[in-house]
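Here is a short tour to follow with the model open beside you.

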Amino acid sequence: MEAAFVILAFVGAGAAYYYAHARQKRFEAALQAVAAAHGLDFTPATWRSSAQIAGTVDGVHVVLDSYTQGSGKSSQTYTRARASGPLPADLSLAVEGFGSALGKLFKGEDLQVGDAFFDGRVLIRGDSFDTLARLDDAGRDAVLDALAADVQVTDGEAITRTSGHVEHAYELEAMLQKVLALVRALDHGGDPGARLARAVAADPSPGFRLRALEALVGRRHPAAKDAARAALDSDHAPLRLQAAMALGAEGAPIVEAAARDQRLSAALRLDAIDWLARNHPAPDPVLETLAADDAWAVAAAAIEGLTRRGKPTPLDTLVRHSTADDAGLRARVARALAAHKQEAAAEAVALTLLKDDVVEVAVAAARALVRVGSVRAVQPLLARGEGLLTSGELKQATRAAVEAIQSRLGDVQRGGLSIAADAGPRGGLAVVDEE
């Protein structure tokens, strides 16, 4: 009985070997057929490596081979097709899924191209400028088709695989054409800027057009301005604004209109205001108008822009915003008061803001009083800076303001300052007699 089992085992092993050998031969025959069709080199299998074909098809380097994962009963053989050459080694494109979250934890967020549908389905890694140029409308469609057909890009190689040894030449040919199609679609011909410029003008995704234009502007590419002009007629507000800003003075009227447009989001209006403050040929009248806007974020940004430029915001605008609910706006009002030196109304607003419960606002008011404060501000400053719980920054600001006011009053001994009751609205000076 035992001999029979031994014989059966030998017979089984022999049959398995014969079957595997036959499959290997059919696989090699299929490889040779594909190699002949494309002028590729065939390398037969050895005890250390599998059979493969390799070479160049229309400038793309390709390899078809097999490999085995695992060992023993858990081993699994795969047939694989790879294509590389025009793709950079840092480019990877894969299905966005649960496993990608772990990769983001270690490698950081992946590249976003601005097409929400595509970004939600594809994990993208690579140089942003170069990769964006490859992922225009045609590139994105090719990637989605490829991923659906189990083709992905890893470290600059388009790869697809299937279980077992593929025994038919037409199946190997189909695998080869899958990876070739993806590489060809992603090839920008060595001129990423030109492909991005075409995308800015014609891509159906406004989000991608915006990202492409930002990439061109960020690189100061020669095609950036022509691309920006092509985007000026877009009904996508962020793209139109980015295009106008890229054109400098030529686009200033469009940026100004965006800053004034209350239908736009606050974020877009703030971008426009920041650009106006830095780049508009004559920004001050525009900023003065925007400083009176009812949207607190817009008003705050415009006031900040005028302050950075050393220009005064109209005092009536500052007075109106000094009671705003938003502490950030009140703080900007306080800082802007410093431009109204020696104006009693500016000092009055600053003294009111000095009492603010928000430390940032009170500190800004104290610093404004360095320039606009008179002798009447000394006592409120001293009082606001007192207390064990008063912040060190506020103590320092109030002390600096008192010292600045005293220094403007001439040769008066420190500590000899008092408020004259009948000295008028700006206060007066009385010198305490020394013993």
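Helix 10 and helix 11 meet in a left-handed crossing. On the helix 10 side, the contact is made by Arg240, Leu241, Ala244 and Met245, and on the helix 11 side by Ile254, Val255 and Ala258. Please keep in mind that this is a predicted model.

Two packed helices are described by the angle between their axes and the distance between the axes. Helix 10 covers residues 237–246 and helix 11 covers residues 252–260; they pack at an angle of about 140°, with 8 Å between their axes. That angle makes helix 10 oblique to helix 11.

A second pair is worth a look. Helix 14 (residues 296–308) and helix 16 (residues 327–336) have axes that come within 9 Å and cross at roughly 25°, and these two helices are therefore roughly parallel to each other. Their crossing is left-handed. Helix 14 brings Trp296, Ala299, Ala300, Ile303, Glu304 and Thr307 to the meeting, while helix 16 brings Leu329, Arg332, Val333, Arg335 and Ala336.

## The chain as a whole

How many helices and strands does the chain have? There are 20 helices and eight strands. The chain has 435 residues, and buried residues make up 44% of them. Taking the contacts between residues at least 6 apart in sequence, 57% join residues at least 24 apart.

Leu276 has a relative accessible area of 0%, so it is buried. Leaving out residues up to four places away in sequence, Leu276 touches Val255, Glu256, Ala259, Pro283, Val286 and Leu290. One of these, Val255, is 21 residues from Leu276 in sequence, yet their C-alpha atoms are 7.3 Å apart in space. Val255 also takes part in the contact between helix 10 and helix 11.

Val286 belongs to helix 13 (residues 283–291). Is Val286 buried or exposed? Its relative accessibility is 5%, so Val286 counts as buried. Not counting residues up to four places away in sequence, Val286 touches Glu256, Arg260, Leu276 and His280.

## What covers helix 7

Helix 7 (residues 192–202) has these buried residues: Pro192, Gly193, Arg195, Leu196, Ala197, Ala199 and Val200.

## Aromatic rings and their neighbours

The count of aromatic pairs comes to one. The ring centres of Tyr67 and Tyr78 lie 5.5 Å apart and the ring planes are at 25°, so the pair is stacked. Tyr67 sits in strand 3 (residues 60–69) and Tyr78 in strand 4 (residues 76–84), so the pair ties together parts that are eleven residues apart in sequence. Both Tyr67 and Tyr78 are buried.

Tyr78 has a charged neighbour as well: Arg161 lies over the face of its ring, at 3.9 Å from the ring centre. Elsewhere, Arg121 lies over the face of Phe117, at 3.5 Å from that ring centre.

## Two aspartates with positive phi

Asp58 has a positive phi although it is not a glycine, and Asp150 is likewise a residue other than glycine with a positive phi. The table sets out their values.

| Residue | Phi | Relative accessible area |
|---|---|---|
| Asp58 | about 50° | 66% |
| Asp150 | near 65° | 57% |

Where do these residues lie? Asp58 is in the loop between strand 2 (52–57) and strand 3, the strand that holds Tyr67. Exposed means over 50% relative accessible area, so Asp58, at 66%, counts as exposed. Asp150 is exposed too, with its value of 57%.

Technical notes:
Residues are numbered from 1 along each chain as its sequence is written. This is a predicted model: local features need pLDDT of at least 70, side-chain atom pairs count only at pLDDT 80 or more; totals for chains, interfaces and linings use all residues. Side-chain values use heavy atoms; hydrogens and water are left out. Rings of Phe, Tyr and Trp (its six-membered ring) pair if their centres lie within 6.5 Å; planes under 30 degrees apart count as stacked, over 60 as edge-to-face and the rest as tilted. Helices (H or I, at least four residues) and strands (E, at least two) are DSSP runs, numbered from the N terminus. Buried means under 20% relative accessible area, exposed over 50%, partly exposed in between (1.4 Å probe, protein chains only). A charge sits over a ring if NZ of Lys or CZ of Arg is within 6 Å of the ring centre and within 35 degrees of the ring normal. Axes are lines fitted to C-alpha atoms, for helices over the stretch in contact, and angles run from 0 to 180 degrees between N-to-C directions. Angles under 35 degrees count as roughly parallel, over 145 as roughly antiparallel, 65 to 115 as roughly perpendicular and the rest as oblique. A crossing is left-handed if the near helix is turned anticlockwise from the far one by less than a right angle, and right-handed if clockwise. Contact means heavy atoms within 4.5 Å.
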